[in-house]
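The sequence and the structure come first.

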Amino acid sequence: MDDSLFAKPVTVRLTAGGEIQRVRSSHDASALLASTDWPRERTSIHRDAFETAEKVPEGYRSADDARSRFVVAAQEAGILVEGYDDDNPTKNRVYFESSVRIQPHGSSTVRQVKSVNGACEMLIDWPQAKRGPYYQSARETVEGAIEGTSTPSQAREAFVALAEHAGILVEGREPSG
């Protein structure tokens, strides 16, 4: 058995509308992290993931460690596709760079919307009487991010604009922990 193989592939989409790619080993991760195709700047998280993947063939790091660090780097870059299923692409979960905190009218609970899919669920439950142009724009952009025709950042921006317009956006930093 190849010690550089991941126990479970990591699924990424490098560009909006781009092909789904499966990263199956530390070698695949290292190649993608070193590639000019990497969609974001090379941060300390990116460097850590690259260095870890490079050390697996030498026996200094494990494939599990390389995989977990690659997942964090892919999440930071906004390219991680969670739960991708070839037979059911609607199960994809694409995370925002940071969650959106909202407090729906009539509720004392603050909800954190962490992904494109979470925003889509909120839009499905959006009150019929409050569905205007901001809603329509957010819905189209969020659905586009699920289909790959817009980015998670664009979907988050549209969802934030809708929440702000509706007066349910909670400002401030996310609670830690």
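Q: What makes helix H4 largely enclosed by the rest of the structure?
A: Seven of the nine residues of H4 are buried, so the helix is largely enclosed by the rest of the structure. A residue is called buried under 20% relative accessible area, exposed over 50%, and partly exposed in between, with a 1.4 Å probe and protein chains only. The buried residues of H4 are Val116, Asn117, Gly118, Ala119, Cys120, Met122 and Leu123. This is a predicted model, in which local features need pLDDT of at least 70 and side-chain atom pairs count only at pLDDT 80 or more, while totals for chains, interfaces and linings use all residues. Residues are numbered from 1 along each chain as its sequence is written, and side-chain values use heavy atoms, with hydrogens and water left out.

Q: What covers the buried residues of H4?
A: The cover includes S4, S5, H5 and H6. Helices (H or I, at least four residues) and strands (E, at least two) are DSSP runs, numbered from the N terminus. H4 spans residues 116-124 and lies across S4 and S5, running at about 125 degrees to S5. H6, residues 152-166, also lies across S4 and S5, but runs at about 20 degrees to S4.

Q: How is the packing of H4 and H5 described?
A: Two packed helices are described by the angle between their axes and the distance between the axes. For H4 and H5 the angle is about 140 degrees and the axes are 9 Å apart. Axes are lines fitted to C-alpha atoms, for helices over the stretch in contact, and angles run from 0 to 180 degrees between N-to-C directions. Contact means heavy atoms within 4.5 Å. The residues that make this contact include Val116, Ala119 and Leu123 of H4, and Tyr135, Ala138 and Val142 of H5.

Q: Which residues have the most contacts inside the largest nonpolar core?
A: They are Ile102, Val113, Leu123 and Phe159, in a core of 22 residues. Elements giving two or more residues to this core are S4, H4, helix H5 (133-147) and H6, and H6 gives the most, with six. A nonpolar core is a set of buried Ala, Val, Leu, Ile, Met, Phe, Trp, Tyr and Cys residues joined through side-chain atoms within 4.5 Å. Val113 touches, among others, Phe96, Ile102, Met122 and Phe159, not counting residues up to four places away in sequence.

Q: Why is Val110 called partly exposed?
A: Its relative accessible area is 34%, which lies between the limits of 20% and 50%, so the term partly exposed applies. Val110 is placed in the loop between S4 and S5. Val110 touches Arg101, Ile102, Gln103 and Val170, not counting residues up to four places away in sequence.

Q: How do you know that S3 and S4 pair?
A: Two strands pair if DSSP finds at least two bridges between them. S3 and strand S4 (residues 93-102) have two bridges, in the antiparallel sense, and therefore meet the definition. Glu82 stands opposite Arg93 in S4.

Q: Why is one side of S3 and of S5 left without a neighbour in the sheet?
A: The open antiparallel sheet has the order S3-S4-S5. Strand S3 (81-82) and strand S5 (111-115) stand at the edges, each with a single partner strand, so one side of each has no neighbour in the sheet.
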